Amino acid sequence: MSNKNKILIIDSTANRRKELCKLWSGDLGYEVVSSGGDDLVNFHDEREIALQNLVNNPPIACLLHQNDKLRFDDPERSKLLEACRRVVVFGGAGISARGDWPDRWSWIPRAINGKASANYRQWKQLADWFSSETPLPAAQVDLLSRGNEPRFLIAIHILCQGFLVGDRMRERLPTAVEQTRNRKWWCVPLVESAGDSLFKTVQSEWGPDMPDSLTTLVKWISEEPGYENVDLPRIVPAVKQEIENRLSK
Amino acid sequence: MPEWNELRARLNHDLVKNRLLPGTARMIRIVSGSVLADPLETFDCTIATVWKETSPSLQVLFDTCESALSPRNYFLVEPLVHCPPSTMEWLPDIIHELWVERHDIPGWCNNGKLLVAEIDTAVPNARNLLELHPGETQSADLVELFLDLQKRTTNLSAHLSMIERKSLL
């Protein structure tokens, strides 16, 4: 069995562990080994896994709740964490505080639920960072750099502003209006970054009840069937306003 | 941007709200005679040393605000880092101009610096007055002076909190 895309998730809080395991085994496509601290279980079929087997065939990454680190301090069990290529500790109340961990370990302030929770795009980026042979520097990984801004919403807001000031730019840059009326204006940065997951990414940053104007714009950018023609001069001011309202909450 | 906000939050929460404001409140109680303690010694411990630590950091905070918070920084990271050169040529600059106009960031920084300068002056003045009246309590002048320092410190804290509520867009 390949070690590629296998992750160990250690969290003694059962509900949160289940949520994380579902996310990593479902949307992120990893093979997940789950642990409440003592046990080691294959999340998919609930089969128990022997510690030594996992040490011999280790996951590429481990997500470990900071309160459960003690359970892996003994020499035998700590070998498992040493065998993982990357270890990311999560948890805490959002106060930045690195614990007494090996330098190669990373830390994120809060993983799931509550203020400053990670969104899908951030998890996806972390998943890619785990599996990549040539990963980005950790500082460029949102979760590891503690960045949790809704960057896609902000980017769309900025592109909306560019669209709306195109006229004002006419004297400085005659092509500004033409640039902003083109679909490339929107899709080059957004799709380049999010790929096929643009709508899902924006939706995860927005949360429930995404407004029609933003839905329409993003589906048009993503070239979804049925959204070939949109009235940009009508929709862009509405999207800009909706994002302003959302982010100022 | 997160680093700047962390510094702002730390200065406001840890130093201004949790040390300077309680320090001025304690000094008011001492110079009004309701608490027995050495005024000068307490002042040095609770206000002078804390302000000496806080003031230069606040100066840096206000000096770096515009560059640290500018939406221009979003063009250095995903997803706007992928904008083509034809967009990069003008969009970051116009977005920065619009943001500065909308939020009057230079005004916020200048007001912050003025508040710091006021406290920079008030702290040594307060110390001089305490030295002139060693061990004096129940002094109306000193009570007035520390009420004024408390007000200025409260204003500084409110000012530091204000940027948090400002939309970063």
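## Chain A at a glance

Of the 249 residues of chain A, 38% count as buried. A residue is buried if 20 or more other C-beta atoms lie within 10 Å of its own, exposed if 12 or fewer, and partly exposed in between; the C-beta atoms are placed from the backbone. This is a predicted model, in which local features need pLDDT of at least 70, side-chain atom pairs count only at pLDDT 80 or more, and totals for chains, interfaces and linings use all residues. Residues are numbered from 1 along each chain as its sequence is written, while chains are lettered from A and ligands numbered from 1 in the order in which they are written.

Chain A has 10 helices and six strands. Both are DSSP runs numbered from the N terminus: helices are H or I with at least four residues, strands are E with at least two. Two residues are in contact if their C-beta atoms, placed from the backbone, lie within 7 Å. Take the contacts in chain A with a separation of 6 or more: residues 24 or more positions apart account for 56% of them.

In soluble globular proteins, nonpolar side chains tend to be buried together. A nonpolar core here is a set of buried Ala, Val, Leu, Ile, Met, Phe, Trp, Tyr and Cys residues joined through C-beta atoms within 7 Å. The largest one has 35 residues. Those with the most contacts inside it are I7(A), I9(A), V32(A), C62(A), L63(A) and V88(A). Strands and helices of chain A build this core: β1 (6-10), α1 (14-25), β2 (31-35), β4 (61-65), α3 (75-83), β5 (86-90), β6 (106-108) and α4 (120-131) each supply at least two residues.

What does V88(A) touch, leaving aside its neighbours within four places in sequence? It is in contact with A61(A), L63(A), S106(A), W107(A) and I108(A). Another core lies apart from the largest one. This other core has 30 residues, among them F152(A), I158(A), W186(A) and L214(A).

## Helices α8 and α9

Two packed helices are described by the angle between their axes and the distance between the axes. The axes of α8 (residues 198-206) and α9 (residues 212-221) of chain A come within 9 Å and cross at roughly 155°. Axes are lines fitted to C-alpha atoms, for helices over the stretch in contact, and angles run from 0 to 180 degrees between N-to-C directions. α8(A) and α9(A) are therefore roughly antiparallel to each other.

The crossing of α8(A) and α9(A) is right-handed. That term applies if the near helix is turned clockwise from the far one by less than a right angle; anticlockwise is left-handed. L198(A), F199(A), V202(A) and W206(A) make the contact from α8(A), and L214(A), V218(A), K219(A) and I221(A) from α9(A). By class, seven of these residues are nonpolar, none is polar and one is charged. Ala, Val, Leu, Ile, Met, Phe, Trp, Tyr, Cys and Pro count as nonpolar, Asp, Glu, Lys and Arg as charged, and the others, Gly among them, as polar.

K200(A) is found in α8. It counts as partly exposed, with 17 C-beta neighbours inside 10 Å. K200(A) and R121(A) are 79 residues apart in sequence, yet 8.2 Å apart in space, C-alpha to C-alpha.

## Helices α5 and α10

Helices α5 (residues 151-164) and α10 (residues 232-247) of chain A pack at an angle of about 140°, with their axes 9 Å apart. That makes α5(A) oblique to α10(A). Their crossing is left-handed. The contact residues include L153(A) and I156(A) of α5(A), and V236(A) and I243(A) of α10(A). By class, this contact has 11 nonpolar, two polar and three charged residues.

## Two loop residues with positive phi

Most residues other than glycine have a negative phi. E46(A) has a positive phi of about 60° although it is not a glycine. It sits in the loop between β3 (41-42) and α2 (51-56) of chain A. E46(A) is exposed, with 8 other C-beta atoms within 10 Å.

D209(A) also has a positive phi of about 60° and is not a glycine. Its loop runs between α8 and α9 of chain A. D209(A) is exposed, with 6 other C-beta atoms within 10 Å.

## Where the chains meet

The contact takes 25 residues from chain A and 19 residues from chain B. On the side of chain B that touches chain A, α3 (85-88) and α4 (91-103) of chain B each supply at least two residues. The largest share of that side, four residues, comes from α4(B). The residues of the side of chain B divide into 14 nonpolar, four polar and one charged.

Technical notes
Parallel < 35°, antiparallel > 145°, perpendicular 65-115°, else oblique.
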